[in-house]
Amino acid sequence: MDTAVKPKVVETETEAEKAPVLAVSSGDLGPKMSTPTLKITREHISSAGIVALSLTIGVLLWHFVTAINLDFYINFENVPSPLRVFTAFVAHVQTEIFWTHIYVSMRRILISYSLAVALGISIGLIMGRSRIARAFIMPYIEVIRPIPAVAWIPLAILMWPTEESSIIYITFLGALFPIVLNTLHGVEQTPEVLVRAVQSLGASRWAVFRHVVIPAALPSIAAGLAIGMGVSWFSLLAGEIISGQYGIGYFTWDAYSLINYQDIVVGMLVIGFLGTASTAAVKLITKPMLKWQERTR
Amino acid sequence: MLDVLKFKEPDRGKSQGKGQIKVDEVSITFGSGKDAHLAVETTSLDIKAGEFVCILGPSGCGKSTLLNAIAGYVNPTTGAVRVDGEVVEKPGPDRGMVFQQYSLLPWKTVYENVAFGPKMAGHTRTEAGSTANTFLELVGLKKFGNRYPAELSGGMQQRVGIARALANYPSVLLMDEPFGALDAQTRLMMQESLLEIWNKFGTTVVFVTHDVDEAVFLADRVLIMSAAPGRIIEDVRIDLPRPRTTDLASTPEYIKARQFCLDTIKAESRKAFEDQNA
């Protein structure tokens, strides 16, 4: 496929019909498109500006309500100010144990999430292609899915040999369902006409799966992966709060036990940031697989 | 120069003399029991190798169902479809299919779409690529090979669809209202270029349409179908000279053939209307 012609210059349209909807901006028509140049447009700058403004306003408001010890239905007297949280954060960053907490949490996420991805996509694909498998597995998903991670804690501790494995189990379970259901949904979206088209081109069952069903499901799978990553973070925290001695969830819970208010907020914000960053990473990784969608929008 | 970059005339020999279709006492019923719906009434049909046949009829008359039976997507309830003596049981690359629209794989480039069939047939990347280029050139879209389907206009997509079906050197080309979604000008152009391609290849074509002009312009034979239950009510031979161009539409012979088809359809729909009101 790489051997296709690579014209240097885009020739002018000689088509008798209407010009195609899209005109490529560069002369590169090679099959492996060079990575699209990151164009920073006026809109990008302005929305980045709005984000910065919004965050500034948020922090200022937070500072304001804590500075005047606002107590109007909601009580802000015991909420630490942004400055105290920031000071605490800077202090923690310099300790080794803080990084251990983050490292341990990240490792748990990585293990649980990888398991959920492998198993979730497989189960979803099988359910999507086999009516029997679907009817067999679906009831378990329906019943187990609404059970919150926290509710699993006692049983997980009893079932699994180590604390670590029970935490990973709980986290895994959180990520699993969105991935399974989105994969299943994606497989169901496969247009029948495409299946027929490739069958008429001589595709075997496996080739239909590989070249039609999986690519058709990919956008939905990618969405499931991003959602799964978010869910795995709050499941992880539930696991870490009850059992464990390291982890950013444990750090936050420990701060609560010690009535160390600013550390609670530090923990919360670190969780928020790690969750956002890892979801963004998932989106970045799945993006090249959906390149065709971008170019056809 | 690399082999793939060279344009080679498609090798017509591979499919020549093949593509004889025999529809033998075929009827197709969907559902069962009370919900059973007879889509195609017992039909027999012989299509010669290399013939261009249009199946003309209103929507819902079962013309696509009959085509799908030849393609192998639908199994006849009774009877059998044979292509070159072999009973059709499932879809296969010997019967190329062109759909109304959106049947190219959107995640593959135009080039990859056309190379797909040859690859499935076990050809190497180079061979498949060479075939893809040959057929893209045939439909005049070689320089669009690296675009994704959605980047092309509807007419161009259909030409890719035709190139993709032909790349397997099928003995039969089945077309299900392939130009139905195109605007009038593009459709005329596509009809002309389809005839040109067919002239080069000589494959059997079974073309489903509800457009009388399209059927008369393209076909050697127009099979007129009627609805509820679907059956062929007339087999009209169109003896207009070839090669045909759009100028043909003003000749008296064309007008006569067209009028005959229209009259048949009209008489049939009047009868159906009266039956309903009786």
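These notebook entries follow what I looked up in the structure, chain by chain.

**Ground rules.** I am working with a predicted model, in which local features need pLDDT of at least 70 and side-chain atom pairs count only at pLDDT 80 or more, while totals for chains, interfaces and linings use all residues. Residues are numbered from 1 along each chain as its sequence is written, and chains are lettered from A, with ligands numbered from 1, in the order in which they are written.

**Chain A.** I looked up the secondary structure and noted 11 helices and 2 strands, taking helices (H or I, at least four residues) and strands (E, at least two) as DSSP runs numbered from the N terminus. From the N terminus on, the order reads α-β-β-α-α-α-α-α-α-α-α-α-α. Of the 297 residues in chain A, 29% are buried, a term that requires 20 or more other C-beta atoms within 10 Å of the residue's own, with C-beta atoms placed from the backbone (12 or fewer is exposed, in between is partly exposed).

**Chain B, overall.** I noted 7 helices and 10 strands here. The radius of gyration, taken over C-alpha atoms, is 19 Å, close to the 19 Å that the globule rule gives for 278 residues, so chain B is as compact as a globular protein of that length; the rule is 2.2 Å times the number of residues to the power 0.38. The C-alpha trace of chain B spans about 70 × 45 × 35 Å along its principal axes, and 48% of its 278 residues count as buried.

**Chain B, the open sheet.** I followed 4 strands in the order S2-S1-S4-S5, with antiparallel pairing, where two strands pair if DSSP finds at least two bridges between them. Strands S2 (37-47) and S5 (86-87) stand at the edges with a single partner strand each, so one side of each is left without a neighbour in the sheet. Strand S1 (residues 21-30) and strand S4 (residues 78-83) share 5 bridges, and B:Val23 stands opposite B:Val81 in S4(B).

**Chain B, the hairpin.** I then turned to S9 (residues 221-226) and S10 (residues 231-237), which run antiparallel and are joined by 6 bridges, with B:Ile224 opposite B:Glu234. The hairpin has 4 residues between the strands, and B:Ala228 takes a positive phi near 45°.

**Chain B, helix H1.** Finally I checked residues 63-71, where 8 of the 9 residues are buried, among them B:Leu66, B:Leu67 and B:Ile70. After H1(B) comes B:Gly72, with a positive phi near 95°.
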